[in-house]
Every structure is written in C-alpha cells, then in structure tokens.
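Please open the model in your viewer and keep the selection tool at hand. The tour below goes from one selection to the next and says what is found at each stop.

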Amino acid sequence: MKFLHLGDLHLGKSLGDYDLIADQKFILNRILDIIEEYSVDAVLIAGDVYDKSVPSEAATGVLDSFLSRLASGNTKTFIISGNHDSDDRLNYGSTLFKTNQIYISAIFDGHLDKYVVSDENTNINIYLLPFVKASQVKHFFPESDIETYEDAVRTIIANENIDENENNILVAHQFVAGKGEDPALSGSEGAGTLNVGLVEKIGYDLFDRFDYVALGHIHSPQRVGRDVVRYSGSPLKYSLSEANNEKSVPIISFEGNKQVSVELVPLKPMRNLRHIRGRMEDLLKKSNVTDPDDFIYATLTDEEFVNDAMAVFRQIYPNTVKIDYDNSHTREIEQVDISRIAQNRSFSELISDFYSLMYGCEISEEEMNIMRMVAREAGVFDEAD
C-alpha cells in the first residue's frame with residue numbers, strides 16, 4: 001500500500017502583498033497528478049490545513065475542491081488539525097465526510113482516533129493526533145504528571161493499546177526534535193514554534209512504536225532521528241528562509257509487514273520564490289533576468305539608496321515581495337550598540353532622530369503627540385520626558 005504525506009498547506013496564506021490561492025490550487029493539482037501516477041491509496045494531511053483560524057471563502061473552496069477530487073478517485077484521506085487551524089471549523093461536517101472516506105480528527109477527546117486500512121496482504125493502523133497542548137491533555141488524565149508538551153504526548157501514547165507487531169502510522173502536528181538536534185526551521189512556521197524554555201519540543205523516541213510518523217508544523221522537509229519520522233514540509237515556499245528549500249512530498253510504501261520505504265517526489269511550483277543579490281543595474285539587465293514572474297526578494301548592494309526601488313523592480317519582476325540593502329551603511333548600523341544610542345536621551349529625542357532618518361524632515365508637534373500617546377498606552381513613555 002502507498003501513502004502520500006502532506007502538511008502545512010496553509011490555504012489562504014499570502015506572501016507580502018500577493019495572494020497565493022492560484023499557486024496553492026496549482027500545487028494541489030500537481031499533488032493529485034502524483035497520487036494518480038503512483039497509485040496512492042491514502043493521503044495523510046498533518047495539520048495547518050488553513051493559514052488562519054477563520055479561513056477565507058477562497059481557502060475553503062480550494063480545500064473543498066481538493067477533497068472532492070480525492071473522494072472521486074476513491075483515495076482515503078486522513079486529516080488532523082494544526083496550531084493554525086480552528087478545531088471546530090475543521091471538524092465541521094467530519095461525520096458526513098466519513099461516508100466519502102475523508103477522516104478528520106480536529107479535537108482531542110482523550111484518545112487517538114484509529115482507522116484501519118487494508119489490502120489483500122496487509123493491515124495498517126492509522127492513528128490521528130491533532131495538535132495538543134499540555135493543559136488540554138491534563139484535563140483527560142488529571143492523575144498524570146503533565147507539565148510539558150512531551151509529557152502530554154507521552155501520556156496519550158502510553159494510554160493507547162498499540163500492538164507493535166502490527167503496522168502502525170501516526171499523524172501528528174508537534175515540534176519534534178532528534179537527540180541533541182532540533183529540526184531546521186524555515187521562519188514561516190509562525191509564532192509559537194519555539195516556546196519559552198522549549199516546552200513544546202518533543203523527542204522523536206516517543207514514537208518508537210510507530211512504523212511511520214507523518215509530522216506537520218515545520219515547513220522544511222526533513223527526517224527527524226530516523227527516516228520514518230518525517231516532516232513533509234509545506235508544499236510551497238512561504239518565506240525568504242525557504243528560498244533554497246527543495247519542496248517534495250513523501251510517498252510511503254508498505255510492501256509487507258514492517259517493510260517500509262520512503263520516496264521523495266519533487267514539487268515544482270507555478271511561481272518559485274527566489275532571493276537575488278547585487279547592484280540594481282546588474283540585477284535588472286535584460287541578460288540577467290530569468291523567470292520574471294517568480295516571487296523575488298532582492299538584496300541591493302548599491303552604496304546609495306535607490307529612489308522608489310520597489311516600483312522600478314516591479315516593472316521587471318512584477319511579483320517582487322521585498323527589497324533590502326547590504327552595503328557599508330547597513331553594515332555600520334548593524335554594528336551599532338542600540339543600548340548606547342538610547343543612553344541619556346529622551347523619548348522625544350529618539351523619536352525625532354528616527355523620524356528625520358526615515359523621512360528626511362523634522363517631525364511635527366502633532367505627530368510627536370501621537371507618538372507619545374501610543375508609547376504611553378504601551379507603557380514605554382515616562383510622563384516626565
């Protein structure tokens with residue numbers, strides 16, 4: 001039997017000013033082609049289906065179309081919630097979806113949802129663990145010592161009757177690390193990837209009872225500890241730090257009892273995300289321009305700041321997301337000790353200097369009063385200033 005592992009779709013996400021719905025439709029269609037090409041029996045979606053807890057109409061439409069195509073192809077689909085998803089919204093209609101072999105586990109109720117997938121040779125147990133926090137799990141196991149995410153997941157698994165002689169898959173959405181080694185982050189996972197004291201971090205050895213662990217939460221595709229504990233990564237690049245990622249989807253094959261293999265199938269997006277660097281004149285030379293419709297992050301090395309650089313860039317690269325500079329001026333600023341700049345200077349002086357630097361003119365009294373009001377409400381402004 002063959003399974004395709006997905007995670008972190010983040011449907012409805014944007015990149016800077018750009019809507020990614022068309023790009024997400026494109027990559028999901030490519031994934032549907034892969035499912036057909038490889039005769040995939042089931043799809044595992046490891047959370048963060050949506051980018052926001054209240055998804056847009058366009059985002060829900062993309063998921064509806066994708067799931068409808070899977071159901072019409074008689075492909076079983078197993079979905080869990082991630083930290084970006086609304087448990088209740090993702091869970092809506094889950095009972096009805098089961099009639100079309102779409103199984104959703106969005107709300108932890110004290111145990112892992114378990115499903116069995118079979119062919120003439122093999123039975124495979126699929127366990128679904130939606131994103132959980134220690135406080136949620138403590139509610140169901142009040143007698144257990146649960147303080148961290150690892151405590152929570154360990155308790156859940158310990159209370160399940162898992163037969164290690166059978167073939168077992170777990171789908172989970174947590175921050176899982178190897179021994180002495182954290183997974184490579186992409187920067188687009190969002191707030192909460194690393195909590196204070198790393199209480200969210202879970203050791204991969206908690207999952208030794210499973211033959212494959214389909215993880216979501218980290219956007220860079222990678223194994224964790226062993227080949228069969230794996231983040232699929234997001235299907236698209238969602239931040240500059242992912243520019244050099246090679247996106248893929250894992251195909252997991254069970255050839256018999258405990259005989260598991262993983263193949264990574266590359267994903268090519270409709271529009272790539274690239275980071276280009278150099279002098280503006282060189283970057284925009286016709287001979288140097290390739291794939292102009294890609295999403296572009298540009299780092300300019302010009303010593304002088306270019307007026308309206310974004311507008312100029314977008315004439316050639318219409319999907320330019322961000323422009324920054326790396327020159328002697330920016331490097332000098334990076335070396336400045338911010339604490340010494342603020343030493344013995346008033347709030348008004350600091351704001352005036354910053355405003356002058358940014359806009360090339362003096363701040364008005366009206367604008368200064370607004371800044372004082374905002375700072376006062378934020379608790380960073382002393383009335384005596």
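In which sense do strand S5 (residues 76-80) and S6 pair, and over how many bridges? If you select both strands, you will find that S5 and S6 pair in the parallel sense over 4 bridges, where two strands count as paired if DSSP finds at least two bridges between them. Helices (H or I, at least four residues) and strands (E, at least two) are DSSP runs, numbered from the N terminus. To see one of these bridges, pick Thr-77, whose bridge partner in S6 is Ile-102.

Before going further, note that this is a predicted model, in which local features need pLDDT of at least 70 and side-chain atom pairs count only at pLDDT 80 or more, while totals for chains, interfaces and linings use all residues. Residues are numbered from 1 along each chain as its sequence is written, and side-chain values use heavy atoms, with hydrogens and water left out.

Now widen the selection to the open sheet of 6 strands, which follow the order S6-S5-S4-S1-S15-S16 with mixed pairing. S6 and strand S16 (259-266) stand at the edges with a single partner strand each, so one side of each has no neighbour in the sheet. On average, neighbouring strands of this sheet are turned by 20° against each other, direction ignored.

On a 1 Å grid over the protein atoms alone, a pocket is an open set of points with protein on both sides within 12 Å along at least five of seven lines, a cavity is a set where a 1.4 Å probe fits but cannot get out, and lining residues have an atom within 4 Å of a point. Grid points are joined across faces, edges and corners, and a volume is the space filled by probe spheres set on the points.

**A hairpin**

Move on to strand S13 (residues 222-224), which pairs with S14 in the antiparallel sense over 3 bridges. Their hairpin has 1 residue between the strands, and Gly-225 takes a positive phi near 80° there. Gln-222 stands opposite Tyr-231 in S14, and Tyr-231 is also the bridge partner of Leu-215. Strand S12 (residues 212-216) and strand S14 (residues 226-231) run parallel and are joined by 3 bridges.

**The cavities**

For the last stop, look for the 2 cavities of 30 Å³ or more. The largest cavity holds about 90 Å³ of space, and its lining includes Leu-20, Asp-23 and Pro-235. The second largest cavity, of about 30 Å³, is lined by residues including Leu-9, Gln-24 and Pro-235.

Technical notes: Axes fitted to C-alpha atoms, helices over the stretch in contact; angles between N-to-C directions.
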